[in-house]
Amino acid sequence: MPEMKLFYFRSRGRAEAIRLLLVASCTEFSEMNGSIHQLEEANMLPFGCLPVLQYGQLTLSQPGPIIRYLARLFDVEGETIKQKAYCDMVSAALLEGMENFMGSCFDNTASDERCLVFVKEELPRLLRYCITFFDATKGPYLFGSSQPTCVQWSYADIQLFDLVDQAVDRLGTSVVDVFPEVVSHRAHVAALPALSEYLQQRDTS
């Protein structure tokens, strides 16, 4: 079986949701931290940017396609056609939210005013939308299971956890304190057996 290789910088950033999904699915992978110039020379950057996932003859770029590919591979994209569609929709919103976070509150060039808009307007709007799914399923994850004894997380849960986790680490718990459902969700995902050890040992940069 070919080895999975994830190409990114030595930081969480836009690749952390991919790492979390691989770890939560108990999948071994290698971190490849070569420079962008080296990867371009090796024809490893289809669109000139990271992250990139290589799996055998398959090379994928961009967080969204990589995450959705892994979700299909690991069967964590929802049970029904309706759930899969909702999962894709929430995933797209969370990808946009992560890009807004990275651009406004994470990059060195971000202005304080831009970050304030994200914290006061964009993030709360996104979290309120996610909470509607908790209300429907009665938690702890975004989408329920048809089996009462089986509580299944989805790749959208991993993305929500990642965005909230990075936002809290950078901006403080006040950004989510008014959303107890989100705080509870973060705790449930962090407690997943495969993730718990990884989260304790990872570099938090």
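**A short tour: aromatic pairs, a hairpin and one serine**

Hi everyone, let's start inside helix H5: Tyr 129 and Phe 133 sit 4 residues apart there, so about one helical turn separates them. Please keep in mind that this is a predicted model.

What kind of aromatic pair do Tyr 129 and Phe 133 form? Their pair is edge-to-face, with 5.5 Å from centre to centre and 85 degrees between the planes. Now, are these two buried or exposed? Phe 133 has a relative accessible area of 10%, so Phe 133 is buried. Tyr 129 comes out at 28% relative accessibility and therefore counts as partly exposed; the buried label is for values under 20%.

Where do the partners lie? Phe 101 belongs to helix H4 (residues 81-106) and Phe 118 to helix H5 (residues 112-137), so this pair ties together parts that are 17 residues apart in sequence. Both partners are buried: Phe 101 has 0% relative accessibility, and Phe 118 has a relative accessible area of 2%.

Let's move on to the strands. Strand E3 (residues 52-55) and strand E4 (residues 58-61) run antiparallel, joined by 4 bridges. If you want to find the pairing on screen, look for Leu 53, which stands opposite Leu 60 in E4. The hairpin of E3 and E4 has 2 residues between the strands, and in this hairpin Gly 56 takes a positive phi near 65 degrees.

My last stop is Ser 30, which you will find in strand E2 (residues 29-32). Is Ser 30 buried or exposed? Its relative accessibility is 19%, so Ser 30 counts as buried. The cut-off matters here, because buried means under 20%. Which residues does Ser 30 touch, once we leave out those up to four places away in sequence? They are Glu 3, Met 4, Lys 5 and Leu 6. With Glu 3 there is also a polar contact, made between the two side chains at 2.2 Å.

Key:
Residues numbered from 1 in each chain as written. Predicted model: local features only at pLDDT ≥ 70, side-chain atom pairs only at ≥ 80, totals over all residues. Heavy atoms only, no water. Buried < 20%, exposed > 50% of the residue type's maximum accessible area, 1.4 Å probe, protein only. Polar contact = N/O pair within 3.5 Å; in protein donor to acceptor, adjacent residues only side chain to side chain. Contact = heavy atoms within 4.5 Å. Pairing = 2+ DSSP bridges. Phe/Tyr/Trp six-rings, centres within 6.5 Å; stacked < 30°, edge-to-face > 60°.
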